[in-house]
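Me: I would like to learn how to read a model of several chains, one feature at a time. Could you give me the general idea of each feature and then the case at hand?

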Amino acid sequence: MTRGAFERDLRQLNEGVVRMGERAGEAIHGAVEALRARDVAAAERIIAEDDAIDALHMDLEQRCMRLLATQQPMAGDLRTIASVFAITIDLERMADHAEGISRAVKRLAAEPLVKPLVDIPQMDEILQGMIRDALMAFQMENADLARQTAAQDDAIDRLRNRVLHDMLEIMIHDPQTVPRALELLIVARHLERAADHVTNICERIVYIVTGELRELNV
Amino acid sequence: MDTRYRWRRSMDQGMTLVCLLCTVLVLTPLALVLAFLAQTGLSALNWDFFTKLPGAAGEPGGGMANAITGTLTLIGLAGCLGIPIGVLGGTFLSEYPQTQVSRISRFAADVMNGIPSIVMGLFAYVLIVLPLRHFSALAGGVALGVMLIPTVMRTTEEVVRLVPQSVREAALALGIPQWKTTLRVVLPTATAGIVTGIMVALARIAGETAPLLFTAFGNRFWNRSILQPIAALPLQIFAYAISPFDDWHRQAWAGALVLVAIVLVVNTLARYATSRQVRLR
Amino acid sequence: MPKQLEVRNVETHAPTLVERNTAVQTDDLHAWFDRLHALRGITLSVPERQVTAIIGPSGCGKSTFLRCLNRMHELVPSARVSGVVRVHERDIYAPGVDPVLVRRRVGMVFQKPNPFPTMNIYDNVAAGVRLAGERDRRRLDEVVERSLRAAALWEEVKDRLHKPGTSLSGGQQQRLCIARALAVSPEVLLMDEPASALDPAATLRIEELARELAKEITIVIVTHNMQQAARVSDVTGFFLAGQLVEFGSTTGMFTRPIDKRTEDYITGRFG
């Protein structure tokens with residue numbers, strides 16, 4: 001049978017997902033760094049790279065289609081390929097959030113921050129850890145690690161609430177700061193949404209391994 | 001490359017020629033016999049030959065009408081005995097090939113095929129002629145019929161065995177009992193082949209002379225009852241051939257020609273039946 | 001009495017119990033060809049009016065299993081069967097049971113279409129009924145038309161019922177065989193790789209037909225084609241080396257098989 005070629009295709013598919021995940025993570029991290037360093041040029045670069053990540057998404061989708069058509073996969077293989085479809089969509093959205101953060105950086109331009117960045121970089125750090133762990137869980141087909149990773153979404157939600165709280169205080173105190181404070185809120189929201197996408201990915205990983213599809217961490 | 005090809009081609013042509021020659025060689029005796037028969041016999045074939053009884057010894061004229069009908073009658077009688085037994089026996093052999101009865105029957109049939117035909121005549125003599133105290137068409141029919149049995153049985157067995165197992169399975173799966181399957185599905189499928197086998201066997205016994213010598217015995221007049229002696233072409237040919245009369249010699253040739261014609265016609269019919277045989281893929 | 005058939009909901013994996021009567025129940029069914037132990041203790045329930053697929057690699061015993069259900073296995077000399085097989089609660093191997101009558105209740109269609117060569121289309125379909133004793137011409141006409149309609153063949157052959165059965169195409173011949181089997185009104189129809197000798201279009205028609213027929217009678221289909229089993233059946237059984245490895249809802253088995261051997265087989269790692 002052509003199982004050998006199929007195995008190779010599956011491996012390459014998985015590698016493609018990991019690569020795309022790493023790039024999405026890098027894009028988010030780069031965007032947060034650009035915010036910290038107030039580097040508009042870096043933000044521009046990240047916006048431009050979004051196209052490349054979209055291209056990766058298309059490529060992975062097409063590979064999935066081809067495998068579905070030619071191999072008629074069943075059972076575990078079927079779950080994997082169907083899940084890769086969904087995972088690449090989540091990764092693409094995460095890259096869009098990186099782009100969103102970069103646009104906020106551009107809009108803030110050289111204006112002073114309303115407060116020193118503490119929570120946002122922390123959110124990014126946790127998020128990067130989640131992405132690394134999720135990709136590892138995907139490669140290792142480790143459902144437990146996926147569940148644990150999804151659980152970290154709570155920490156990110158808490159941090160986002162803190163940012164909201166802080167920004168509200170600042171905005172009430174001084175209405176002039178509203179546009180700038182809003183931008184930071186937007187950034188925090190992008191990070192929180194990105195973490196939700198990682199949670200989705202973890203659900204998919206659990207499905208690949210166990211065949212159970214359920215909401216993690218609602 | 002070219003020389004090897006040419007050598008191969010000439011070798012091919014050479015061998016084809018050899019095969020052709022061998023075929024011609026095989027057909028030659030048949031052709032010669034037919035030609036000789038036609039040449040010597042055709043002149044005596046006339047309307048009288050087919051309608052008149054044999055004339056008195058020495059007198060020209062007369063015919064072999066009774067011998068022709070006699071041969072046909074004997075074939076009919078032999079068929080009545082040999083065909084049912086042969087077909088049913090052959091069917092049994094193919095449906096239950098491994099039983100003790102089958103193995104014994106098959107062996108017996110093969111032995112019977114090898115028994116000299118005159119011995120078959122003896123058998124009928126003892127069985128029918130002696131108790132009845134005279135020769136009869138019945139005895140001749142029995143002798144020929146018994147010779148039919150092994151041949152028909154074996155060919156029937158072969159043909160029925162050729163019916164694909166899938167046909168039987170289809171019938172059985174419908175809830176048709178085994179015996180009905182054999183009778184109403186398998187046998188009809190094999191009919192053309194069975195008929196061919198029968199015809200070939202009949203053609204063979206049409207020309208048998210030895211078994212008729214002391215069973216049918218021959219008759220110069222029309223046969224009125226199967227318990228009476230009956231004329232037959234082979235017997236008549238024999239009687240005329242050893243006679244001193246030229247006219248009878250010519251009639252003997254004509255008789256031989258008619259006999260061969262009967263055999264040819266039956267074989268042709270058998271071929272026709274085969275060509276209409278259902279294609280059993 | 002209705003058996004609880006567990007059907008897994010693939011998304012939530014909550015088992016939903018579907019009430020289904022059992023059409024065929026086997027209990028510790030063993031079968032031998034002389035010394036060869038072809039079936040080892042098969043216990044399963046074929047649900048009524050559904051399509052049950054039997055899959056497995058060559059030589060795993062799937063055809064043997066099928067033939068035990070209509071007592072065709074015993075036609076092979078030196079074949080033996082032990083265990084219980086119940087068709088609608090009646091043990092078909094009980095002493096005194098006539099195998100001929102069993103075969104009228106449990107019909108079979110074979111891999112290679114096998115219409116009776118000497119009969120025309122009408123006679124082929126009517127054969128089972130006629131040879132069981134039916135003589136009334138009107139009744140026979142009725143049965144022939146009903147069966148040909150059920151086999152989705154009526155429209156194509158209604159004007160040439162007197163033509164030989166072998167004059168049809170492969171796919172049509174197979175549908176003719178199905179019509180012939182249906183004519184005796186079986187409760188269960190066994191199909192032994194019915195489409196493997198046919199082209200893809202004819203194959204799909206047979207599959208559609210199987211699903212359609214399952215509305216009225218129980219269908220058990222043996223196939224070596226995984227995708228066919230997935231398309232056609234509600235319930236699937238996986239056989240390996242004479243044993244039943246897994247038996248359950250088709251969707252469940254093909255998205256999330258329980259046994260590793262099943263997973264390996266359906267993903268093509270062997271067989």
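Me: What pattern does chain B follow when read along the sequence?

Reply: Before the pattern, a word on the source: this is a predicted model, in which local features need pLDDT of at least 70 and side-chain atom pairs count only at pLDDT 80 or more, while totals for chains, interfaces and linings use all residues. Residues are numbered from 1 along each chain as its sequence is written, and chains are lettered from A and ligands numbered from 1 in the order in which they are written. Helices (H or I, at least four residues) and strands (E, at least two) are DSSP runs, numbered from the N terminus. Chain B reads α-α-α-α-α-α-α-α-α-α, which comes to ten helices and zero strands.

Me: How many helices and strands are there in chain A?

Reply: Chain A has seven helices and zero strands, in the pattern α-α-α-α-α-α-α.

Me: What radius of gyration does chain A have, and what would a compact globule have?

Reply: The radius is taken over C-alpha atoms, and the globule rule is 2.2 Å times the number of residues to the power 0.38. For 218 residues the rule gives a value near 17 Å, and chain A, with 19 Å, agrees with it; its C-alpha trace spans about 70 × 35 × 20 Å along the principal axes. For chain B, a compact globule of 281 residues would be near 19 Å, but the chain has 23 Å, and its C-alpha atoms fill a box of roughly 70 × 65 × 30 Å along the principal axes.

Me: What share of the residues in chain A is buried?

Reply: A residue is buried if 20 or more other C-beta atoms lie within 10 Å of its own, exposed if 12 or fewer, and partly exposed in between, with C-beta atoms placed from the backbone. Buried residues make up 41% of the 218 residues in chain A, and 41% of the 281 residues in chain B.

Me: At what angle do helix α4 and helix α7 of chain A cross?

Reply: Axes are lines fitted to C-alpha atoms, for helices over the stretch in contact, and angles run from 0 to 180 degrees between N-to-C directions. The axes of α4(A) (residues 119-140) and α7(A) (residues 178-210) come within 10 Å and cross at roughly 15°. This makes the two helices α4(A) and α7(A) roughly parallel, a label for angles under 35 degrees, whereas those over 145 are roughly antiparallel, 65 to 115 roughly perpendicular and the rest oblique.

Me: How do the residues in the contact of α4(A) with α7(A) divide by class?

Reply: Ala, Val, Leu, Ile, Met, Phe, Trp, Tyr, Cys and Pro count as nonpolar, Asp, Glu, Lys and Arg as charged, and the others, Gly among them, as polar. The contact of α4(A) with α7(A) has 18 nonpolar, no polar and one charged residues; those in α4(A) include Met123(A), Asp124(A) and Phe138(A), and those in α7(A) include Leu191(A) and Cys202(A).

Me: Which chains share the most contacts?

Reply: Two residues are in contact if their C-beta atoms, placed from the backbone, lie within 7 Å. Of the two pairs of chains in contact, chains B and C share the most contacts. No contact joins chain A and chain B, whose closest C-alpha atoms lie 31 Å apart. Between chains C and A, 13 residues of chain C are in contact with 13 residues of chain A. On the chain C side, α8 (226-232), α9 (250-255) and α10 (260-266) each supply at least two residues, and the residues of that side divide into four nonpolar, five polar and four charged.
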